[in-house]
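Have a look at the model, then read on.

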Amino acid sequence: MRDFQHPGRSAVLAQNGICATSHPLAAKVALQILEAGGNAMDAAIAGAVLLGICEPQSTGIGGDAFCLFNLPGSDDVQAMNASGRAPAGLDAAKLRAQGMTNIPLTSPHAISLPGAMDGFIQLAKDHGKLGLKACLAPAIHYAETGIPVAPRVAFDYAEAHETLHGAGRTHFTTQDKPLTTGQIFRAPGQAEVLRRVGMDGREAFYEGEIAEDMVASLNAAGGTHTLDDFANVRANYTTPISGTYKDIELVEHPPNGQGATAILLLNILKHFDIAGLAPMGLQRAHIEAEATKLAYDTRNRVIADPDHTARLDHMLSLDTAAKLAALIDPTKALPAALPGSEAVHKDTVYITVVDKDRMCVSMIYSIFHSFGSGLASDKFGILFQNRAAGFTLEQGHPNEAGGGKRPMHTIIPGMIKRNGKIEMPFGVMGGAYQCTGHARFITNMIDFGMDPQTAIDRPRCFADSNTLNVETGYADDVAQGLADLGHTVTRATGPIGGAQAIKLRDDGLLEGASDPRKDGIALGY
């Protein structure tokens, strides 16, 4: 039980359904969908699309999504990969010939095709109850009437609005200035897009006038995108991967997502008595940082488009984890991990919904960096992601940029199972941090007995590149101790990630948790 004399949040308990996400309006809308007879998939889609209006810096219909879910009465987890591919004209050799060593974040070459919308359309048709039009109606309403900018959204605007350029500034700033807390954000062009998609389905988005607007805007910026590229976008169902930690099973989305990294990280941590360490102490932070370096080094060598990820079994092997764990010295920091192809970012949205039939949806939805590429389509104001910056230009690498390939993705939805039963859909936002976030959330609960809300609230640190970023919740002597072990310690300038979770309790209740690092809530009925 939390100490009610200290700031914090109580768990949200409900019998019929819960949504946990990063903006309260999206949680409210998801709950209204459930109360109107929709299921968890309807509610998750409605809430996710609305989040693109609530948090335009973090996500939108120009981005990608991944989803884990089950059907009522079943504990089999299914997966949907709604990440877009590179346009057919993307050629790593040509970019190298231009002197590029990586794909710049604001380059048109960083803009991969938007896959989320096709995923939402398929999921609504195959597994929803109310139909796509009903799922999109709340986002259409709020895109037209507007939403007051929330405090965390304003924080991100101030930090990243200079990314916006061209039509991006036209559609996402006010008089060329970043939006501030309480200002009203409207997106009438996106409302029209969603209205047409609700009426006419995927063809309205990936063909015709809306696709023509996106292609013309991209071509004017120097992109190679074509109408055929958009018409060929297809999300697809995939088979989840999983690993165990003590008495739980962690279910993750397979590559091109980085979920295998979270499994590897937990496999490494199995070799240490984490439960015997102080939860906010020096040794736990050190061992987690070292395991992160090793797991991410492996990720950067292996994870790529599913058709090009050749050594996944090696990455998930317990023998691989044992060999990596043996490299960790409790008295000294390792060198930094192999540099990743993607840069650090903090912006993604996550939504999880569980309904009265115990259908669970774990959905993550992103435009990669804050405001994505910074470029929007001229007429409709669709903000383009820069997910193709997640490719490498290293010749022969599995994740080498190429036409029609999916880049390595950092966004990962998660689910926890115990004794074969689904216990908790959850997600941790924060770009590259997400794998470490999954592992930390799980070890907080399993090794230290924390409830989901407490496990989310506790301070975080993250070994990223050459730096160990440490949140202010860590004591100064711990930060100094980490520096003494050889880590380059930096106090984080902002919160590390965000998280949401819903636990299916043994007593039949649902228990929701939501990260105070974001604006959101868990809401149930």
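Two strands count as paired if DSSP finds at least two bridges between them. Helices (H or I, at least four residues) and strands (E, at least two) are DSSP runs, numbered from the N terminus. This is a predicted model, in which local features need pLDDT of at least 70 and side-chain atom pairs count only at pLDDT 80 or more, while totals for chains, interfaces and linings use all residues. Residues are numbered from 1 along each chain as its sequence is written, and side-chain values use heavy atoms, with hydrogens and water left out.

**The sheet**
- β14 and β15 (residues 467-470) run antiparallel and are joined by 4 bridges.
- Within this pair, Phe462 stands opposite Asn469 of β15.
- The open sheet has 3 strands in the order β14-β15-β16, with mixed pairing.
- β14 (461-464) and β16 (489-491) are at the edges with a single partner strand each, so one side of each lacks a neighbour in the sheet.

**Salt bridges**
- The whole structure holds 25 salt bridges (a side-chain nitrogen of Lys or Arg within 4 Å of a carboxyl oxygen of Asp or Glu).
- Arg517 and Glu471 form one of them, at 2.8 Å, N to O.
- Arg517 lies in the loop between β18 (510-514) and β19 (521-524) and Glu471 in the loop between β15 and α18, so this pair ties together parts 46 residues apart in sequence.
- Both Arg517 and Glu471 are buried (under 20% relative accessible area, with exposed over 50%, partly exposed in between, 1.4 Å probe, protein chains only).
- Arg196 and Glu192 also meet in a salt bridge (2.8 Å, N to O).
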